[in-house]
Amino acid sequence: MFSRTVLPALRIAPRIIPGKQNIRHYATPAESKKTSFIYATLVGALAGGAYYYFYSSTSTKPLPPAEITLKGDNAWVDLPLVETRSVNANTKLLKFALPSENHVSGLHVASAIFTKYKGPNDEKPTIRPYTPVNDEDQRGYLELLVKKYPKGPMSTHIHGMDINQTLSFKGPIPKYEWAPNKHEHIALIAGGTGITPMYQLIRSIFKNPEDKTKVTLVFGNLTENDILLKSELDHLQNTYPRRFKVFYLLDNAPKDAGWATQGYVTKELLKTVLPEPGAGNNKIFVCGPPALYKAVSGTKISPSNQGELVGILKELGYKPEDVFKF
């Protein structure tokens, strides 16, 4: 990204003689008004031309067609880690470089990727799915938001990676085929790192001015520090207050925190904030830890089998086709 450069104004500085500060002296006779006008016009034209050339040559040059990194051909691609940042005590944001500055990941909404790692003493590699948190059309890199689990072999490995160390990726893994205005209202029920596929949907909706979908997010965590992507979510809620609403649930909510509710996802809460069953072309998405699935919707059997709908959503009268489990 080029920074905008402002050309300085050209001035002729007078020569000051001590004791005669109010007298202006010139090395040559003073120019006539006509000559000064021509000179100022020429300088202005040159400056304007330089300004136009700079911006037309840097900001309007069309980008070449993007190259795809992950092509869905079952091939693994090794990508180097180029940057890492701690988000909280157990979560890191990691940036992996794509093959060139002109490459994109190849993901679409909604889809994910597989990561693979095989340690020197492992009999078989560990493979885990993740949903990148940066835009699908971002060139040059992809970003993962990874929470480290005490007995999680992949998350432990990723958190211990050094800069320039590579990780194997494969994808994209299709999840839910999204299109602008596919639904009038979507409700997202997430817990912990289950926010990442939800955020992919949210980003896609609100960066597209043609997509008018209304979004409600119910997001559960242990503490305020465990809320991932909170600043991004709050920004979108403030920008689109009529279309996007977030309900934060915390096991340990700060005292007098009007923005968060103490406790878990309950039937009473969902009945209040979700669109009514059968009220229109709506969809409910669920993603989070096993306890969340068990209480809200039941677990899916496989990527191609959503399993039976049980729990709170069934009790509220929703049908299996109303719900998608990530």
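Which residue of β8 stands opposite A112? In this predicted model, that residue is I173. Local features need pLDDT of at least 70 and side-chain atom pairs count only at pLDDT 80 or more, while totals for chains, interfaces and linings use all residues. Residues are numbered from 1 along each chain as its sequence is written, and side-chain values use heavy atoms, with hydrogens and water left out.

| Partner of β8 | Residues | Sense | Bridges | Opposite residues |
|---|---|---|---|---|
| β2 | 77-88 | antiparallel | four | V77 and F169 |
| β5 | 111-117 | antiparallel | five | A112 and I173 |

Another strand, β9, covers residues 185-191 and includes A187. A187 is buried, with a relative accessible area of 0%. Leaving aside neighbours within four places in sequence, A187 is in contact (heavy atoms within 4.5 Å) with T216, L274, P275, K283, I284 and F285. The C-alpha atoms of A187 and V218 are separated by 7.7 Å, although these residues lie 31 apart along the chain.

Methods
Helix = DSSP H or I, 4+ residues; strand = E, 2+ residues; numbered from the N terminus. Buried < 20%, exposed > 50% of the residue type's maximum accessible area, 1.4 Å probe, protein only. Pairing = 2+ DSSP bridges.
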